[in-house]
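Biologist: Before we discuss any labels, could you put the model up, and then take me through what each term rests on?

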Amino acid sequence: DAHLLLALSMFGTTVGLYGIPWCKKSLLLTVLMSVIGASMGILDTGGNVLALNTWGTEAGPHLQALHFSFAVGAFVAPILAKMALGGSESKDLAVAEETNGSVPRSVPTASAASAASALKHHFGADFLWSYVVIGTYLLSVSFFFFILYSKGSLARDKSKASMQKCVFAKYHYALIVLLFVFFLFYVGAEVTYGSYIFTYAKVFAEMKENEAAALNSVFWGAFAACRGVAIFCAACLYPGTMILLSIIGSAVSSSCLAFFAKYSTALWAGTAVYGASMATIFPSGISWIEQYTVVQGKSASLFVIGAALGEMFHHVPVVMYTAVVTSAMTVVLFPLMYKLATCPRESDLKEVSESEDRKALLSNSGLNEDEE
């Protein structure tokens with residue numbers, strides 16, 4: 001059951017978050033981080049499938065809203081963390097330096113040890129509360145899913161009835177594999193650029209740290225804003241149209257970034273357009289494939305695995321060229337997927353043939369369909 005699975009995954013994330021601040025051993029920390037990673041993988045898969053099962057062919061805006069919440073978190077969380085810890089960090093470091101200013105660096109002192117201990121205690125308390133607050137929030141969400149599970153027998157019956165009417169595309173498995181590769185390149189490009197644009201701006205564009213941070217915020221801000229707009233656009237645009245606009249925008253902007261990133265204006269404008277272009281591809285891709293074939297848990301898990309693998313392939317010096325290559329791959333893959341998805345199924349061809357034969361017989365006998 002989708003509600004039970006999501007409730008358990010959220011509860012697993014809560015357990016990991018509650019346990020991390022108290023870890024004293026690296027092995028235990030590794031185990032807890034693995035629990036959180038697995039739970040979030042289940043959430044990422046199950047959330048998309050649950051949205052499709054709940055709203056069916058009208059799931060487009062809801063999927064965009066689901067992924068909009070991720071984009072907002074990616075944009076807001078670093079800012080909140082900087083506000084909460086940045087000021088206190090510099091203040092405490094200044095106190096520590098003032099305490100040790102008259103003491104040679106090579107001589108260990110009680111004041112140095114006490115300053116380091118105070119700094120560690122301060123950040124330990126801040127991080128403890130951040131994990132507790134986030135864990136408590138997720139625990140409350142998991143309770144809501146448990147409540148939905150306890151009251152959802154009717155919904156499960158409807159889901160089973162609808163699953164009995166599944167219609168798969170003629171090239172169902174080929175489409176799933178191609179979309180797997182499509183998401184691998186897309187998410188690889190998104191995470192590579194989002195992770196390393198700050199470093200690229202400092203090292204290669206020679207920007208100041210605050211300018212590089214602003215450039216990073218421009219990327220994620222445009223990403224989040226475009227996903228918010230896509231919630232309303234999904235109600236009046238086909239998913240395929242949104243994907244086409246997105247891959248064209250990402251191809252053009254990544255090409256400009258690869259060849260003209262040395263110009264400040266091109267770097268800022270290209271980053272904003274690239275972030276906006278990448279925003280709608282993942283949720284639109286899931287909505288698009290649902291039009292032609294059934295997306296079940298196994299299929300959705302492959303999409304998430306492809307996205308996760310894409311996050312593993314990134315390298316700083318070639319960030320712009322990576323963006324160009326991945327954009328080119330999405331431009332090539334989408335028309336191929338569209339061609340396979342629109343191929344008529346054998347059952348459709350048979351129905352069309354029977355319908356034509358029927359009309360021919362009726363016309364020859366002089367009867368219409370009402371007089372049959």
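Modeller: Among contacts in the chain between residues at least 6 apart in sequence, 82% join residues at least 24 apart, where contact means heavy atoms within 4.5 Å. This is a predicted model, in which local features need pLDDT of at least 70 and side-chain atom pairs count only at pLDDT 80 or more, while totals for chains, interfaces and linings use all residues. Residues are numbered from 1 along each chain as its sequence is written, and side-chain values use heavy atoms, with hydrogens and water left out.

Biologist: How many helices and strands are there in the chain?

Modeller: The chain has 13 helices and zero strands, counted as DSSP runs numbered from the N terminus, with helices being H or I over at least four residues and strands being E over at least two.

Biologist: Why is helix 6 called roughly antiparallel to helix 10?

Modeller: The axes of helix 6 (residues 172-203) and helix 10 (residues 281-290) come within 11 Å and cross at roughly 175°. Axes are lines fitted to C-alpha atoms, for helices over the stretch in contact, and angles run from 0 to 180 degrees between N-to-C directions. Angles under 35 degrees count as roughly parallel, over 145 as roughly antiparallel, 65 to 115 as roughly perpendicular and the rest as oblique, so helix 6 is roughly antiparallel to helix 10.

Biologist: Which residues meet there, and how do they divide into nonpolar, polar and charged?

Modeller: From helix 6, L175, L179, F182, F183, Y186 and V187 meet I281, F282, G285, I286, W288 and I289 of helix 10. The residues of this contact divide into eleven nonpolar, one polar and no charged, given that Ala, Val, Leu, Ile, Met, Phe, Trp, Tyr, Cys and Pro count as nonpolar, Asp, Glu, Lys and Arg as charged, and the others, Gly among them, as polar.

Biologist: What makes S284 count as buried?

Modeller: Buried means under 20% relative accessible area, exposed over 50% and partly exposed in between, with a 1.4 Å probe and protein chains only; S284 has 1% relative accessibility and therefore counts as buried. S284 is found in helix 10 and, not counting residues up to four places away in sequence, touches Q64, P239, M242 and I243.

Biologist: And how do you know whether T13 is buried or exposed?

Modeller: T13 has a relative accessible area of 3%, so T13 is buried. This residue lies in helix 1 (residues 2-19), and T13 touches I36, S39, M40 and L138, not counting residues up to four places away in sequence.
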